[in-house]
Amino acid sequence: MESLQLDRGMENSQVSTIRSYYQLHAKLYQATRWTFLFGRKRMLDALQLPPASDKTILEVGCGTGHNLNGLAKRYPNLQLIGLDISPDMLQVAAKKLMRFSRRILFLEKPYSPGAWQLPSKPDVVLFSYCLTMINPGWEAALQRAHDDLEEGGHIAVVDFHDSPYRFFHRWMGFNHVRMDNHLLPLLKKHFDPTHLEVHQAYGGLWSYLIFVGKKKQGV
Ligand SMILES: C[S@@+](CC[C@H](N)C(=O)[O-])C[C@H]1O[C@@H](n2cnc3c(N)ncnc32)[C@H](O)[C@@H]1O
């Protein structure tokens, strides 16, 4: 696979807001996110891929490539596609994953229904702390994942779930994150759960979920 494809044609206000946000945050990302983006390794484990798996995995909102790097190191035959709207985040990812460039394709695009097609149908679509940032549009992104997946394919999600505290909802909203238990009902509508965990973080300040599910037919 080749390296980086750009598409600036589909810009909208959600996309430009997030792009600007990550212009600054891309520089701080790796040093800070381990303190609150919990469950990413557990999500990869929950996929239960055999060591020689040669599946195609798409990560939507791949950011700086944390998960793609983990997957590429663990599974030498996987084909990987990393999609993101932030060129600053993708630049970090492309550098980090340079040694795997033969089997990684990066796409700079918003993940929404549209004219463009993926080069191949993925067996797995990953969303890691991305869906709660697609506001508006998370429902359409889930529908697109369902449509893009091979029959029998899987979705894997790790993300913020909920918080009992209004100030925390407001703070996360300021950081472009919605987290009011909105993801799980629609995930269950489109995908049959094969793995589901909900955990508390920082003594219950918020909860996060890990969901793996198999594509349902006829949804
Ligand atoms: C919190 S970061 C997570 C990055 C990575 N998945 C991880 O777990 O470290 C969210 C990422 O989603 C991307 N993103 C937000 N909205 C998007 C959209 N509509 N389409 C594609 N990527 C999007 C952002 O640019 C950012 O890189």
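Biologist: Is strand 8 buried or exposed?

Modeller: The model is a predicted one. In it, nine of the 10 residues of strand 8, residues 206-215, are buried, so the strand is largely enclosed by the rest of the structure.

Biologist: Which strand does strand 8 join through eight bridges?

Modeller: That is strand 6, residues 154-162, and the two run antiparallel.

Biologist: What do strand 7 and strand 8 form?

Modeller: They form a hairpin, with four residues between the two strands. Tyr-202 sits in that turn and has a positive phi of about 45 degrees.

Biologist: Back to strand 6. Is His-161 buried or exposed?

Modeller: His-161, which belongs to strand 6, is buried because its relative accessible area is 11%, and the cut-off for buried is under 20%.

Biologist: Which residues does His-161 touch?

Modeller: Leaving out residues up to four places away in sequence, His-161 touches Ser-207, Tyr-208 and Leu-209, along with Met-179, Asp-180, Asn-181, Leu-184 and Val-198.

Biologist: Asn-181 is in that list. Where does Asn-181 lie?

Modeller: Asn-181 is in the loop between helix 6, residues 166-174, and helix 7. Its phi is positive, about 55 degrees, although Asn-181 is not a glycine. With a relative accessible area of 34%, Asn-181 is partly exposed.

Biologist: Which other residue has a positive phi of about 55 degrees and is not a glycine?

Modeller: Gln-48 does. Its place is the loop between helix 2, residues 40-46, and strand 2, residues 56-60. Gln-48 is exposed, because its relative accessible area is 68% and the cut-off for exposed is over 50%.

Biologist: New topic, helix 5. Which of its residues are buried?

Modeller: In helix 5, residues 138-148, the buried ones are Trp-138, Ala-141, Leu-142, Arg-144, Ala-145, His-146 and Asp-148.

Biologist: What do they pack against?

Modeller: The buried residues of helix 5 pack against strand 5, strand 6, strand 7 and strand 8, and against helix 7.

Biologist: Where is the cis peptide bond?

Modeller: The cis bond joins Asn-135 and Pro-136, with omega about 0 degrees. Pro-136 lies in the loop between strand 5 and helix 5.

Biologist: How do helix 1 and helix 4 cross?

Modeller: The axes of helix 1, residues 13-32, and helix 4, residues 87-96, come within 7 Å and cross at roughly 35 degrees. Helix 1 brings Arg-19, Tyr-22, Gln-23, Ala-26, Tyr-29 and Gln-30 to the contact, and helix 4 brings Pro-87, Asp-88, Met-89, Val-92 and Lys-96.

Biologist: How many of the residues in that contact are nonpolar, polar and charged?

Modeller: Six are nonpolar, two polar and three charged.

Biologist: Last one, the ligand. Which residues come nearest?

Modeller: Of the 23 residues around the ligand, the nearest are Arg-40, Glu-59, Gly-61, Asp-84 and Ser-128.

Biologist: What about distances from an oxygen atom of the ligand to side chains?

Modeller: For Asp-84, an N or O atom in the side chain is 2.6 Å from a ligand oxygen atom. Ser-128 has a polar side-chain atom 2.6 Å from an oxygen atom of the ligand. For Tyr-29, the side chain has an N or O atom 2.8 Å from a ligand oxygen atom.

Notes
Residues are numbered from 1 along each chain as its sequence is written. This is a predicted model: local features need pLDDT of at least 70, side-chain atom pairs count only at pLDDT 80 or more; totals for chains, interfaces and linings use all residues. Side-chain values use heavy atoms; hydrogens and water are left out. Buried means under 20% relative accessible area, exposed over 50%, partly exposed in between (1.4 Å probe, protein chains only). Two strands pair if DSSP finds at least two bridges between them. Axes are lines fitted to C-alpha atoms, for helices over the stretch in contact, and angles run from 0 to 180 degrees between N-to-C directions. Contact means heavy atoms within 4.5 Å. Ala, Val, Leu, Ile, Met, Phe, Trp, Tyr, Cys and Pro count as nonpolar, Asp, Glu, Lys and Arg as charged, and the others, Gly among them, as polar. A residue is near a molecule or strand if one of its heavy atoms lies within 4 Å of it. A polar contact is a pair of N or O atoms within 3.5 Å; within protein, one must be able to donate a hydrogen and the other to accept it, and residues adjacent in sequence count only if both atoms are side-chain atoms.
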